[in-house]
Amino acid sequence: MENVTQHSEPHYDPEASKLGMWLFIFTELLLFGGLFIVYSIYRFLNPVAFQLAGEELNVVIGAINTIILLVSSMTIAMSTTALQQKNKKLTLFLLIVTVVLALVFLVNKYFEWGTKFHHGIWPGSPHLINDMSKGEILFFGLYFVMTGLHALHIIIGMIFILVALKRVQKGTVNADRPSLLENAGLYWHLVDLIWIFLFPLFYLIH
Amino acid sequence: MEKEKHHIVPYRVYFYILLALITMTFMSIGLVHINLGGYSVLGALIFSTIKSTLVLTWFMHLKFDEPFLRIMVVFVILVFAALLFITYLDYFFR
């Protein structure tokens with residue numbers, strides 16, 4: 001039972017809010033999990049083609065993006081600590097760093113995809129359909145869908161974090177009402193979790 | 001009933017977790033250059049699993065959350081594992 005001192009904010013329920021966020025995260029697990037199942041079966045059926053196609057990907061850019069996401073996960077986790085310690089300035093700073101890192105991730109992705117397009121590789125491209133094996137077409141199809149869907153989550157995560165940032169600035173998200181920031185953090189860590197599996201499965205096939 | 005005070009995780013804990021995560025990223029990249037054949041996928045997945053556990057436990061605060069959240073997360077992961085297992089059984093022994 002909640003105590004009565006929170007009567008001025010009758011609709012604030014941090015436990016329920018967190019539970020709701022987790023339920024949403026479980027649905028995301030099924031979304032990406034389904035794609036991982038498709039990936040694993042096609043890889044099992046086309047091991048050589050997946051290896052050949054995987055070597056086309058740039059491990060260095062992949063590794064840099066991995067580290068960027070890991071650092072951004074740390075900064076947003078730290079921002080909740082800063083909020084709880086009532087250090088608003090540091091909270092805002094850490095959130096801005098997180099958003100900037102997300103942006104850098106997307107810029108890297110832009111160049112990475114750009115190089116692929118330059119080499120004539122995009123879903124349904126003539127080069128892909130005419131010159132490559134079925135397994136390679138499947139690999140690049142999954143690559144674009146899964147990293148694309150992940151990039152979409154990065155964009156949504158950035159918007160989520162920016163909303164939280166605005167609310168921290170206004171003071172409606174504060175040490176006593178941190179739920180929105182915590183949930184933005186949970187979402188951002190989910191984006192990180194997905195990448196933790198995407199990176200080895202696409203970039204580290206040899 | 002007054003809830004236990006919200007646990008505040010010190011900054012350095014998050015930093016140590018980050019270091020562990022980055023180290024494991026480099027280890028999984030290093031693994032590629034050692035020829036393990038079919039086991040390299042397994043190795044990469046083991047590193048990914050350890051990394052996700054760290055993210056779930058520390059970054060996502062499960063360590064300090066209500067036990068029912070932890071139970072739910074483990075349960076959902078097990079359900080997903082069952083889904084994987086059944087799909088593979090169907091596919092590979094058809």
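The paragraphs below describe the fold of chain A, the interface of chain B with chain A, and a few selected residues and residue pairs.

The structure is a predicted model, in which local features need pLDDT of at least 70 and side-chain atom pairs count only at pLDDT 80 or more, while totals for chains, interfaces and linings use all residues; side-chain values use heavy atoms, with hydrogens and water left out. Residues are numbered from 1 along each chain as its sequence is written, and chains are lettered from A and ligands numbered from 1 in the order in which they are written.

Along the sequence of chain A the pattern reads α-α-α-α-α-α-α. The C-alpha trace of chain A spans about 70 × 30 × 25 Å along its principal axes. Of the 206 residues in chain A, 52% count as buried; buried means under 20% relative accessible area, exposed over 50%, and partly exposed in between, with a 1.4 Å probe and protein chains only. Among contacts (heavy atoms within 4.5 Å) in chain A between residues at least 6 apart in sequence, 82% join residues at least 24 apart. Chain A exposes about 9,300 Å², and carbon and sulfur atoms supply 70% of this area; accessible areas come from the Shrake-Rupley method with a 1.4 Å probe, and for residues only the protein chains shown count as cover.

Next comes the interface. The size of an interface is often given as the accessible area lost when the parts come together. Between chain B and chain A, the buried area is about 4,200 Å², with carbon and sulfur atoms giving 77%; buried area is the accessible area (1.4 Å probe) that two parts lose on being put together, summed over both. In terms of residues, 46 of chain B are in contact with 48 of chain A. The rule finds 6 residue pairs in polar contact across this interface, both residues being at pLDDT 80 or more. On the side of chain B that touches chain A, the elements giving two or more residues are α1 (11–33), α2 (39–59) and α3 (67–92) of chain B. The largest share of that side, 12 residues, comes from α3(B). By class, the side of chain B that touches chain A has 31 nonpolar, 10 polar and 5 charged residues; here Ala, Val, Leu, Ile, Met, Phe, Trp, Tyr, Cys and Pro count as nonpolar, Asp, Glu, Lys and Arg as charged, and the others, Gly among them, as polar.

The N to O distance between the side chains of B:Asp65 and A:Lys18 is 2.6 Å, and both residues are buried. Across the interface of chain B and chain A, the rule finds 1 salt bridge.

Within chain A, A:Glu112 forms a salt bridge with A:Lys109, the closest N and O atoms being 3.2 Å apart. Both residues lie in helix α4 of chain A, 3 residues apart, about one turn of the helix. A:Glu112 is buried at 2% relative accessibility, and A:Lys109 is buried at 5%. In chain B, B:Arg94 pairs with B:Asp90 in a salt bridge, with the closest N and O atoms 2.9 Å apart. B:Arg94 is exposed, at 71% relative accessible area, whereas B:Asp90 counts as partly exposed at 41%.

A:Thr147, in helix α6 of chain A, is buried at 1% relative accessibility. Its side chain makes a polar contact of 3.5 Å with the side chain of A:Trp113; a polar contact is a pair of N or O atoms within 3.5 Å, where within protein one must be able to donate a hydrogen and the other to accept it, and residues adjacent in sequence count only if both atoms are side-chain atoms. Leaving aside neighbours within four places in sequence, A:Thr147 is in contact with A:Lys109, A:Trp113, A:Leu142, A:Trp195 and A:Leu198.

Technical notes. A salt bridge is a side-chain nitrogen of Lys or Arg within 4 Å of a carboxyl oxygen of Asp or Glu. Helices (H or I, at least four residues) and strands (E, at least two) are DSSP runs, numbered from the N terminus.
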